[in-house]
Amino acid sequence: MERSKQKQVNQNENEADSAINGHFDGRVKMPGWSAGGAAGTPGAVPSSSVMESWREERTRSLEDNEMSLPSIAAAYTTILRGLGEDPQRQGLLKTPWRAATAMQFFTKGYQEKIIDVLNDAIFDEDHDEMVIVKDIDMFSMCEHHLVPIFGRVHIGYLPNKRVLGLSKLARIVEIYSRRLQVQERLTKQIAVAITEALQPAGVGVVVEATHMCMVMRGVQKMNSKTVTSTMLGVFREDPKTRDEFLTLIRS
């Protein structure tokens, strides 16, 4: 009986600590964090239980695109009819196929793997000062209304003997933004991917975006922007580091 209880406890701990970067639900262990303490508590080197999910994820292939295109186009034809339109009129004859192809492009992040982007772009480098890439253009799709989200992403990290090719930070943004998203999850996924790949001393990500679901419908607030942030490691623990990052991305 005791062995069964202990097995369940271990299973629950493993589930809580896993970082499944399709839908991140766990805690990220940063260098110097203890496994059981609060964020920022000094402790042992991070456990191998951190799941490097960025190495494994891909939920759609190019072959899947080809196979699913007719059914997606047929669904758009049904939508057009449901809206009171005639899918056979000249201006709409090719619209279902165009829309289906466009939607596959808008969500092409599902067919890309982070490891394919990062594998040859992580370099050993004795650099321990902050690295920032700001104003990265971002386009995504609101998963609640299937309308665009667009804006800018600012990324900073404090290297721990390894650095990442600068353009790869923009590629990480592209992979996770080209999916059905909510901004809060997108922000965390970017930070977690960089953390898992580099194990830096800290990561900060800020996303500023306009949501067309708030502009074109609903409250229709034309000038509203949503700002989200994820701070990990020293960016969360040390106010000076966090303030330096926030000051630099605003300059």
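The protein chain has an average pLDDT of 83, and 77% of its residues score at least 70; pLDDT is the predictor's confidence in each residue, on a scale from 0 to 100. Residues 11-52 have a pLDDT below 50, and beyond near neighbours in sequence this stretch has 73 contacts in the model, where a contact means heavy atoms within 4.5 Å. This is a predicted model, so local features need a pLDDT of at least 70 and side-chain atom pairs count only at 80 or more, while totals for chains, interfaces and linings use all residues. Residues are numbered from 1 along each chain as its sequence is written, and side-chain values use heavy atoms, with hydrogens and water left out.

Now let us turn to the sheet. Strands here are DSSP runs of E with at least two residues, helices are runs of H or I with at least four, and both are numbered from the N terminus. Two strands pair if DSSP finds at least two bridges between them. In what order do the five strands of the open sheet lie? The order is β5-β2-β3-β6-β7, with mixed pairing. Strands of a sheet pair through backbone hydrogen bonds, either parallel or antiparallel.

At the edges you will find β5 (180-181) and β7 (226-233). Each has a single partner strand, so one side of each is left without a neighbour in the sheet.

Next, follow strand β6, residues 202-211. With β7, strand β6 pairs in the antiparallel sense over eight bridges. Strand β3 (residues 148-158) is joined to β6 by ten bridges, and the two run antiparallel. Here Gly-156 has Gly-204 in β6 as its bridge partner.

Finally, look at the aromatic rings. Rings of Phe, Tyr and Trp (its six-membered ring) pair if their centres lie within 6.5 Å; planes under 30 degrees apart count as stacked, over 60 as edge-to-face and the rest as tilted. By this rule there is one aromatic pair. Phe-235 and Phe-245 form this edge-to-face pair, at 5.4 Å centre to centre with 80° between the planes. Phe-235 sits in helix α8 (residues 234-237) and Phe-245 in helix α9 (residues 239-250), ten residues apart. Phe-235 is buried, at 0% relative accessible area, and Phe-245 counts as buried at 0%.

Technical notes: Buried < 20%, exposed > 50% of the residue type's maximum accessible area, 1.4 Å probe, protein only.
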